[in-house]
Each structure stands twice: as C-alpha cells, then as structure tokens.
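Here is a short report on one protein model.

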Amino acid sequence: MKSRILLLSVLCLCFVLSYGVNAQQSKQSTSAERVPVYIPPTSQGGWKVTAKDTRGAFSIVESIVKPGTAGPVPHRHSREDEVFYVLEGQYEFRVGDRVISASAGSFLFLPRGIPHTFKNVGTTTSRHLAIISPAGLERFFEERNALGRELSTTDPAYPDRYKVLTEKYGLEYSAEWSFPPKAAE
C-alpha cells in the first residue's frame with residue numbers, strides 16, 4: 001500500500017511539474033493540445049511519456065534490469081534533474097559520494113550535476129521508473145541508437161561523434177569516476 005501511495009505522489013509531482021515549468025512551456029507551441037496520455041501496461045519497459053506529451057516539462061522511462069547488470073557508465077547531467085522510483089528488485093545506486101541500497105518503494109531525487117550510476121544487486125529482475133525534468137533527454141537516446149546503427153563502437157570515428165552527441169545534450173560520462181565502497185548501514 002505504501003508503494004502505491006508513493007507512486008501516486010510521484011505521479012502528482014509530475015503533473016505539477018508539467019504545468020509549472022514556465023521556462024520549458026514557453027519553448028513549446030502555445031497551440032499545443034492539452035490531452036490526457038494513457039500508456040497501457042507492458043512487460044517491455046520503455047518511454048512512458050516524453051517531451052511532446054508534457055509540453056517539455058518531464059519525461060518518464062521504465063527500465064527493466066536483469067540481476068547483476070549495471071546501469072550506465074557513471075555520468076552527470078548539466079540540464080536535467082532525475083527521480084528514480086524503484087518498482088521491483090534491489091539496486092545499489094552510487095550518487096556523488098554516497099552508495100545507497102534501494103529496494104521496491106525507494107525514491108531517489110538526483111539534482112543535476114551529481115555523478116551517478118546504478119546496478120541491480122539482487123537475484124531477480126528489477127524495474128524502476130526514471131523521471132527526467134525537464135524533458136528532452138529521450139532525443140539523446142534516439143540519436144545515440146541511430147549513431148550505433150550507423151557506426152560500430154569500434155569504428156575510429158565513433159568516439160568523436162559520441163563526444164559531440166554527449167556535449168549537445170549536456171552529458172558527461174566517465175568510467176574513471178570512482179565511488180566509495182559501500183558503507184555498513
């Protein structure tokens with residue numbers, strides 16, 4: 001029951017964000033329709049809402065992570081704040097100088113500029129929602145996937161093209177960022 005209440009709170013926060021981010025709204029067409037968005041449940045994960053659905057205020061993606069699988073290379077966003085809401089499983093989030101164990105119902109707010117990554121440290125598949133504000137980062141993933149279809153990661157041109165893409169979206173990745181060992185809780 002607590003998980004459902006927290007999820008409802010997260011969704012209410014998203015609703016407030018969608019109508020309260022004046023800077024993003026001003027970038028959107030004033031003739032944009034205000035229509036509800038319904039996404040039926042799936043077992044695939046993926047983008048639930050994007051910039052076009054929220055007038056640029058936020059986007060939401062559901063991720064499904066197999067046991068032992070790490071998330072992205074440590075990275076930080078210069079433009080977006082992120083919220084992670086764990087639906088199932090057991091994660092270890094590394095955020096700035098903290099290591100956080102997070103199970104179903106856990107909620108993390110990561111302000112822009114803080115290096116972070118995660119890993120499914122459980123024995124079952126994990127699922128989480130990532131809420132990204134303002135929206136638009138979904139275009140980075142579209143362009144990254146297109147780059148991957150165009151060039152192999154072993155192609156000598158790939159690193160430079162990838163760097164241009166991350167700079168375009170204000171992202172910084174570094175496998176060299178280290179995080180402290182997990183502290184006893």
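Strand 1 and strand 2 pair in the antiparallel sense, over three bridges. Two strands count as paired if DSSP finds at least two bridges between them. Helices (H or I, at least four residues) and strands (E, at least two) are DSSP runs, numbered from the N terminus. Trp47 has Val61 of strand 2 as its bridge partner. This is a predicted model: local features need pLDDT of at least 70, side-chain atom pairs count only at pLDDT 80 or more, and totals for chains, interfaces and linings use all residues. Residues are numbered from 1 along each chain as its sequence is written, and side-chain values use heavy atoms, with hydrogens and water left out.

## Strand 4 and its partners

Strand 4 and strand 9 run antiparallel and are joined by seven bridges. Here Glu82 stands opposite Ile132 of strand 9. Strand 4 also pairs with strand 7, antiparallel, over four bridges. In strand 7, Leu108 is the bridge partner of Phe84, and Phe109 stands opposite Val83.

In a regular strand the side chains alternate between the two faces of the sheet. Buried means under 20% relative accessible area, exposed over 50%, and partly exposed in between (1.4 Å probe, protein chains only).

## Two nonpolar cores

A nonpolar core is a set of buried Ala, Val, Leu, Ile, Met, Phe, Trp, Tyr and Cys residues joined through side-chain atoms within 4.5 Å. The largest has 13 residues. Phe84, Tyr91, Phe93, Val95, Ala102, Leu108 and Phe118 touch the most other members. Strand 2 (59-65), strand 4 (81-88), strand 5 (90-95), strand 6 (98-103) and strand 7 (107-110) each supply at least two residues of this core. Strand 5 gives the largest share, three residues. Another core, of 10 residues, lies apart from it; among its members are Ile132, Phe140, Leu147 and Leu151.

Tyr91 lies in strand 5. It counts as buried because its relative accessibility is 0%. Its side chain reaches the backbone nitrogen of Arg127 at 3.4 Å. Such a polar contact is a pair of N or O atoms within 3.5 Å; within protein, one must be able to donate a hydrogen and the other to accept it, and residues adjacent in sequence count only if both atoms are side-chain atoms.

His116 is in strand 8 (residues 116-120). At 3% relative accessibility, His116 is buried too. Its side chain makes a polar contact of 2.6 Å with the side chain of Glu82.
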